[in-house]
Amino acid sequence: MRLFIASPVMLHEYASIKKDFSKIIEGKWVEEENLHLTWVFLGEIKEENSIINQMQDITSLKNKIDIFGLGHFGHPPKIFFAESQEKPLFAKAKEFTDAGFNLHSFKPHITLCHIKAIHDERAYKKTLKYYQDKILGSILPCISLYQSILNKKCAHYRRIFDIKK
């Protein structure tokens, strides 16, 4: 099973972001119901019980956390994302590390689009700047273990376990 640990998000501005970047970015946008902040990507795991046991030492987020700002990974950009740099995210990342998970250069982000091309670099930068300080939505306090089921069109996520405390 292909597994990851994540928190779901509500991105109130997603439709606006997609519209504003539609003529600027060419790529594969993430389905809105699949938007999430990944804490740990685990990859192919045969049996989830050991992961669930390891998650017992982690608590859920106390509150929703604001998402603000957009960015990208790669040069040229390949992953277009929304982000949050709020301190509780980094404290929670330390909890994951203390529980034995490898967060490898944790940068809190929500992948929005896998970029194939940027058609207008100037418009891209201008539109990024427009969203710079805007609250775009929230990371929900739930933390869950998910299975990622891939097909040719998209990924489907099945929630396996929720942190209850």
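This is a predicted model: local features need pLDDT of at least 70, side-chain atom pairs count only at pLDDT 80 or more; totals for chains, interfaces and linings use all residues.
**Exercise 1.** Determine which residues are closest to the centre of the largest pocket, and which strands supply its lining.

*Solution.* Begin with the volume: the largest pocket has about 660 Å³. Its lining comprises 29 residues, and the closest to the centre are His36, Thr38, Thr111, His114 and Tyr157. Next, consider the strands. At least two lining residues come from each of β1 (2-11), β2 (25-29), β3 (36-44), β7 (109-118), β9 (144-150) and β10 (155-162). Finally, classify the lining: 14 residues are nonpolar, nine are polar and six are charged.

**Exercise 2.** State which element gives the largest share of the lining of the second largest pocket.

*Solution.* The second largest pocket holds about 170 Å³. Its lining includes Phe4, Pro8, Val9, Met10 and Leu11, together with others such as Glu32, His36 and Tyr157. The largest share, five residues, is supplied by β1. By class, the lining divides into eight nonpolar, two polar and two charged residues.

**Exercise 3.** Describe the order of strands in the open sheet of four strands, and identify the helices that pack on it.

*Solution.* The order is β2-β7-β6-β5, and the pairing is antiparallel. The edge strands, which pair on one side only, are β2 and β5 (70-73). From one strand to the next, the twist averages 40 degrees. Helix α1 (residues 14-21) lies across β2, β5, β6 and β7, at about 145 degrees to β2. Helix α4 (residues 121-130) also packs on the sheet, touching β2, β5, β6 and β7, and its direction makes about 130 degrees with that of β5.

Methods. Residues are numbered from 1 along each chain as its sequence is written. Side-chain values use heavy atoms; hydrogens and water are left out. On a 1 Å grid over the protein atoms alone, a cavity is a set of points where a 1.4 Å probe fits but cannot get out, and a pocket is an open set with protein on both sides within 12 Å along at least five of seven lines; lining residues have an atom within 4 Å of a point. Grid points are joined across faces, edges and corners, and a volume is the space filled by probe spheres set on the points. Ala, Val, Leu, Ile, Met, Phe, Trp, Tyr, Cys and Pro count as nonpolar, Asp, Glu, Lys and Arg as charged, and the others, Gly among them, as polar. Two strands pair if DSSP finds at least two bridges between them. Axes are lines fitted to C-alpha atoms, for helices over the stretch in contact, and angles run from 0 to 180 degrees between N-to-C directions. Contact means heavy atoms within 4.5 Å.
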